[in-house]
Amino acid sequence: MSTTQTFLLPDLGEGLTEAELLTWLVAVGDTVELNQNIAEVETAKASVELPSPYAGTVVALYADEGATIEVGRPFIDIAVEGASTQDHTPTTPQNPVSSSPAQSDSRPASKERTPVLVGYGVAEESTGRRRRRTSAATVSAVDAVVTEQERPLAAPPVRFAAKQNGVDLAEVPATGGRGQVTRDDLEQYLARSAADPVPEPVPAAASGDSARPGAAVLDEERTPIKGVRKHTADAMVRSAFTAPHVTEFVTVDVTPAVDLLAQLKESKHFRSVRITPLALVAKALLVALRSNPSLNSAWDEANQEIVTKRYVNLGIAAATPRGLMVPNIKNAHTLSLRDLAEALTTLTTTAKEGRTGPQDLSAGTITITNVGVFGVDSGTPILNPGEAAILCFGAIRRQPWDHRGEIALRSVTTVSLSFDHRLVDGEQGSRFLATIADILSDPVTLIALS
């Protein structure tokens, strides 16, 4: 005897209210094991795979790929052999997009149970990720028809890149070990497509006024605002209109810092580490915070308190396939320059590959945004919500500079600091920025202040 269990979409972290279904990894009729991944979803913070809290047979799927699902809504039905009715999570059927012919529209009521997803059970290797399949059903009192269609399997960053380039992944030869389209597969497909001449598209004839000769032809693309982009937009608007921003700038001769980096790259202690100017800027910020703790604080509106944090979770703004994200290095204040450089490499690599998890995005205390990698000299960044300050690091350029009373070619950069004027007054912000500038212009200061 089997009982149908309904798995409700759980809160995937920090009170998130919804998630977008990226990929079903199972279909109606599939047999699933406990903790086998059943779907991949994207929240405002990260892309995660959901493990099944039950072992049994998939009876119904409650959403199409690309749909946004609210936390607490039915996600999937699984028929569990020999399950007790006390294990059943009661729900009212809400027109699942895919269901088995045997599914009934009525289920027995029972004691409520919400499966715990994050950290649920013991992680196990699944028997292999299935190719993506979608099911569509027309369910009535008379019959239920289920059809399935094979769809290509690919990681979210690959799907995003394909969408950006207008590529149908079904046309891309897949070489992944599980039959998935890899990033290399997509890049090779794009390279081959670029080598082949493609005729220019001809806009379809329009009716009415737009069909007249000389009439404007509108060519638009509309992208739904959801997931990380929606979360980022909401957070930036909230930050801009709740925290009074002040931004200060300083232009620094960083030639000594550039020379130091060159020496470190030749040092046996750094040969296996990618040491960059950002690592030195990050270390300068961490040292400067010791004498300027107000820059590492938060405004607690509910309790009317200023929370000064004695730990530093250093956020690094990163452009990723899923949009702008700010993962952070936990307890960065405890790291040596070498360890900090390694942590930065891991953080940026993980972000670019789309593997940043919710835990990497939470509890940040202060942020650096490196616009110099884009050749930009400076900017006025918006605070990451809940933080007192964000440091903007611009491009390093060789230019004429007054050096010891003479004009010489030097390596120069501009560093700006945006801060919350409720938490940081002008003197504190200026001293903090000046300390960072002093360290970058004379790295020996690191030894004196460390």
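**Close-up views of a predicted model**

View 1. Two cavities of 30 Å³ or more are counted, a cavity being a set of points, on a 1 Å grid over the protein atoms alone, where a 1.4 Å probe fits but cannot get out. The largest cavity holds about 60 Å³ of space, the volume being the space filled by probe spheres set on the points, which are joined across faces, edges and corners. Its lining, made of residues with an atom within 4 Å of a point, consists of V254, A257, V258, L261, P277, L280, V281, F393, I396 and L440. Two or more of these lining residues come from each of the elements α4 (255-266) and α5 (277-290), where helices are DSSP runs of H or I with at least four residues and strands are runs of E with at least two, numbered from the N terminus. This is a predicted model, in which local features need pLDDT of at least 70 and side-chain atom pairs count only at pLDDT 80 or more, whereas totals for chains, interfaces and linings use all residues. Residues are numbered from 1 along each chain as its sequence is written, and side-chain values use heavy atoms, with hydrogens and water left out.

**View 2. The salt bridge between R397 and D377.** The closest N and O atoms of R397 and D377 are 2.6 Å apart, and the pair counts as a salt bridge, defined as a side-chain nitrogen of Lys or Arg within 4 Å of a carboxyl oxygen of Asp or Glu. Because R397 lies in strand β23 (residues 397-403) and D377 in the loop between β21 and β22, the pair ties together parts that are 20 residues apart in sequence. R397 is partly exposed at 35% relative accessibility, and D377 is partly exposed at 40%; buried means under 20% relative accessible area, exposed over 50%, and partly exposed in between (1.4 Å probe, protein chains only).

**View 3. The salt bridge between R431 and E427 in helix α8.** R431 and E427 form a salt bridge in which the closest N and O atoms are 3.0 Å apart. The two residues are separated by about one helical turn, because they stand four residues apart in helix α8 (residues 426-441). R431 is exposed, with a relative accessible area of 52%.

View 4. The C-alpha atoms of L25 and Q36 are separated by 9.5 Å, while the residues are eleven apart along the chain.

Notes. On a 1 Å grid over the protein atoms alone, a cavity is a set of points where a 1.4 Å probe fits but cannot get out, and a pocket is an open set with protein on both sides within 12 Å along at least five of seven lines; lining residues have an atom within 4 Å of a point.
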